[in-house]
Amino acid sequence: MMSTSLQAALQPWFDSFPQGELISALISNGVGVVLLMVLYGFTRRLMLPSIQSLMTRLSPSRIGHLSGQLNKANRRLAMLITIVAFLASFEQILVLPDWGMELCRTGGQVFLVIMSGFLMSSIIGLAHGIYNQFSFAKEVPIQGIVQVAKLVTFIVCLILVVSIILDKSPTYILSGFGAIAAVTLLVFKDTILGFVASIQIAANRLVTMGDWIQMDTYGANGEVIDLGLNTVRVRNWDNTVTTIPTYALIAGSFKNWRAMQESAGRRITRALYLDLHSVTQLTAEQTTDLKQEPLLKEMEASLWQDGTNVAIFRRYAEAYINQHPDVSKDCLAMVRELQTLNHGLPIEIYCFSRNTSWVFYEHLQADLYDYLLAQLPRFGLRPYQSITGIMQP
């Protein structure tokens, strides 16, 4: 066994014992293990929590919400400090054969690299958590970039671990990558495509967390709940979750409803189909009655003379939607007549809901059409309804 400084200091105490050298070696090893445990406990339970508490008090709005990630980083940092202390002192404390000392050195270096990688991953995660607290983080998500940074970190750690185990320079390991480049590209094809797509998505702000997107190719129609390196998860409106490859957002086309939600209104376009047999000139009685309608008092006199009941109804419907409080006044609103079809004359209402929320939009759309359907008899009009059978008496 290789004698150490600590064993040499303890040896005089045990010279009178039959196995004094062995006892001093065991005590030296035990002292080394206990000191490492004390160091880990001190850094993990006292020093690092105090630093974390100070950081939380200095920035409660940023750091205070990341206590879970900070605790994980503290554990890894405490382990890293312990490993560094072990590598710096094991030759002076531990008493082992030459092969054992070499094993401790190699194992310590390997664990140092691995723990450094985990600590770097925690630091990247903390930075990502702080970034997500800014107002612009939702518009420019960087989760894909964060995942790539963690992947690169662990790849570097893997190369260093292999070089330590083989006792070769990292450049020697990297030189062999050319031979497996094709395999690497094949294995990480989706990751590479996802990384490129993540950069384009973040740079162009194509998709952000919470966006309502529709991608019929993948059956997705709902809210984005996760933007990852390889996949984008969408919670559909029926509460199912669809997973879309990230690169598919760049390779294909999809519909993002964010612009509609941020605009002054959401478009309403739906047609009332009128029975062609009900389209006539207004009778004198109908004209007299409709002239009392406040919404038609400003209509041109010529329309009363030559206009049909459909023309008057279109003016009335347009005036009605223009004065409706829930129809956006900042967007176009009109009632137009479309080309006659085999199932009636379409009269389309084109306007925008003031509130873009789904429930409000659907209620307003239904209220407008319900009201106008109820007003058709005043103009002598009937909605078109195809006859599918003979009614029995």
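This is a predicted model: local features need pLDDT of at least 70, side-chain atom pairs count only at pLDDT 80 or more; totals for chains, interfaces and linings use all residues.
Which residue is the bridge partner of Ile268 in E8? Residues are numbered from 1 along each chain as its sequence is written, and side-chain values use heavy atoms, with hydrogens and water left out.

**View 1. Strand E8 and its partners.** Cys351 in E8 is the bridge partner of Ile268. Strands here (E, at least two residues) and helices (H or I, at least four) are DSSP runs, numbered from the N terminus. Two strands pair if DSSP finds at least two bridges between them. E6 (residues 266-274) runs antiparallel to E8, and nine bridges join them. E7 also pairs with E8 in the antiparallel sense, over four bridges. Nine of the nine residues of E8 are buried, so this strand is largely enclosed by the rest of the structure; buried means under 20% relative accessible area, exposed over 50%, and partly exposed in between (1.4 Å probe, protein chains only).

**View 2. Glu348 meets Arg336.** These two residues form a salt bridge, with the closest N and O atoms 2.5 Å apart. Glu348 belongs to strand E8 (residues 345-353) and Arg336 to strand E7, twelve residues apart. A salt bridge is a side-chain nitrogen of Lys or Arg within 4 Å of a carboxyl oxygen of Asp or Glu. Glu348 counts as buried at 11% relative accessibility, while Arg336 is partly exposed at 34%.

**View 3. Glu337 meets Arg314.** Here the closest N and O atoms of the salt bridge are 3.6 Å apart. Glu337 lies in strand E7 (residues 334-337) and Arg314 in helix H13 (residues 309-323), so the pair ties together parts 23 residues apart in sequence. Glu337 is partly exposed, at 41% relative accessibility, and stands opposite Ile347 in E8.

**View 4. Glu293 meets Arg378.** Their side chains form a salt bridge (3.2 Å, N to O). Glu293 sits in the loop between helix H11 (284-290) and helix H12 (301-306), and Arg378 in the segment after helix H14 (358-375), 85 residues apart.

**View 5. Arg44, without a salt bridge.** Arg44 lies in helix H2 (residues 20-58). This residue is buried yet has no salt bridge, and the nearest side chain of opposite charge, Asp226, is 26 Å away. Lys and Arg count as positive and Asp and Glu as negative, while His and the chain ends are not counted.
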